[in-house]
Amino acid sequence: MWLIRHSLTQGNLKKRYIGITDEPLCEEGRKLLKTLSLPCPEMVFASPLRRCVESARILFPGMEIQEISELSECNFGEFENKNYQELSENPHYQAWINSNGTAPFPGGESREEFRERTLCGFDKVVEECIQKGTERAALVVHGGTIMNIMEAYAKPSKSFYEWHVDNGGFYEVCIEKSKWRGTKKHLKLCL
């Protein structure tokens, strides 16, 4: 399974917190994807946000894309579509920074809500792949979504921020069906 982060948007180029803002890829993002070469999956899943669906269509032309709403990026609340410079005088932002990024986003999701939602979406994808006997699948999603999945299931264990992936970057993981359905769900990195 390939966990692929969508390509660049104007918001990404401006270092903005782009969560629920539904913006398309920018030209640089489209060009970046055309340089990638990925194996052909049997199934493609994506967040329903435009940047993910558009990335999936470029990477896997002609393939059906199943949109999974739970795989959407975090709702950054009052930080949404702003960058650190625009937020530098915001006391809520400073409190969030002081929490090492663990405090809830004011007016948005908490880290726990985001994590629970995305892991639920990932569970749906894995279960569908197991039921259909799918051996190779691609998820075109968001950086935070990938970091949640990897933090929760990957071995060796790393913290959320250590699983950062650049736009257009990906992790290739192997899911061991017997362990997935058991009590110790985990992914094996195939690097």
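**Entry 1**

I began with asparagine 100, which counts as exposed because its relative accessibility is 62%, over the 50% cut-off. I was working on a predicted model. Asparagine 100 sits in the loop between H5 and H6. Its phi is positive, about 60°, although asparagine 100 is not a glycine.

Which residue caps the N-terminal end of H5? Asparagine 90 does. One of its side-chain oxygens lies 2.7 Å from the backbone nitrogen of histidine 92.

Histidine 92 itself is in H5. I looked up its accessibility: 43%, so histidine 92 counts as partly exposed. Setting aside neighbours within four places in sequence, I found histidine 92 in contact with Glu78, Phe79 and Pro106. I also took a distance to cysteine 120. Histidine 92 and cysteine 120 are 28 residues apart in sequence and 29 Å apart in space, C-alpha to C-alpha.

**Entry 1: another positive phi**

I checked lysine 15 next. Lysine 15 is not a glycine, yet its phi is positive at about 60°. It lies in the loop between H1 and helix H2 (27–34). Is lysine 15 buried or exposed? Its relative accessible area is 59%, so lysine 15 is exposed.

**Entry 2: the largest pocket**

I turned to the pockets. The largest has a volume of about 760 Å³. I counted 29 lining residues, with Arg5, Tyr17, Phe76, Met147 and His164 nearest the centre. By class, the lining splits into 13 nonpolar, 9 polar and 7 charged residues.

Which helices supply at least two residues each to this lining? They are H1 (10–13), H6 (111–132) and H7 (143–153). H7 has the largest share of the lining, 3 residues.

**Entry 3: the second largest pocket**

The second largest pocket holds about 330 Å³ of space. Its lining has 15 residues, and Met1, Thr134, Glu135, Arg136 and Ile175 are the closest to its centre. Two or more lining residues come from each of H6 and strand E6 (170–175). E6 gives the most, 4 residues. I sorted the lining of the second largest pocket by class: 9 nonpolar, 2 polar and 4 charged.

**Entry 4: nonpolar cores**

Nonpolar side chains tend to be buried together in soluble globular proteins. I looked for such groups here. The largest nonpolar core has 27 residues. Met1, Leu3, Phe45, Phe122, Val125, Leu139 and Met150 have the most contacts inside it. Strand E2 (43–46), H6, strand E4 (137–141), H7 and E6 each supply at least two residues of this core. The largest share, 6 residues, comes from H6.

Not counting residues up to four places away in sequence, valine 125 touches Met1, Phe45, Ile68, Leu71 and Leu139. There is also a second, separate core of 14 residues; Leu33, Ala46, Cys52 and Leu59 are among them.

How many of the 11 residues of H7 are buried? I found 9, so H7 is mostly covered, buried meaning under 20% relative accessible area. The buried set includes Gly143, Gly144, Met147 and Tyr153.

Alanine 154 lies in strand E5 (residues 154–155). It is buried, because its relative accessible area is 1%. Alanine 154 and isoleucine 175 are 21 residues apart in sequence but 9.7 Å apart in space, C-alpha to C-alpha.

I checked the peptide bond from lysine 155 to proline 156. It is cis, with omega near 5°. Proline 156 is placed in the loop between E5 and E6.

**Entry 5: Ser72**

I finished on serine 72, in the loop between strand E3 (65–67) and helix H4 (84–87). Why does serine 72 count as buried? Its relative accessibility is 12%, and the cut-off for buried is under 20%.

What does serine 72 touch, not counting residues up to four places away in sequence? I listed Ser47, Pro48, Leu49, Phe114, Arg117, Thr118, His142 and Thr145. The side chain of serine 72 also reaches the backbone oxygen of serine 69 at 3.0 Å. Serine 72 and lysine 179 are 107 residues apart in sequence and 26 Å apart in space, C-alpha to C-alpha.

Conventions. Residues numbered from 1 in each chain as written. Predicted model: local features only at pLDDT ≥ 70, side-chain atom pairs only at ≥ 80, totals over all residues. Heavy atoms only, no water. 1 Å grid on protein atoms, 1.4 Å probe; cavity = no way out; pocket = protein on both sides within 12 Å on 5 of 7 lines; lining within 4 Å. Points joined across faces, edges and corners; volume = space filled by probe spheres on them. Nonpolar A, V, L, I, M, F, W, Y, C, P; charged D, E, K, R; others polar. Core = buried A, V, L, I, M, F, W, Y, C linked by side-chain atoms within 4.5 Å. Buried < 20%, exposed > 50% of the residue type's maximum accessible area, 1.4 Å probe, protein only. Contact = heavy atoms within 4.5 Å. Polar contact = N/O pair within 3.5 Å; in protein donor to acceptor, adjacent residues only side chain to side chain.
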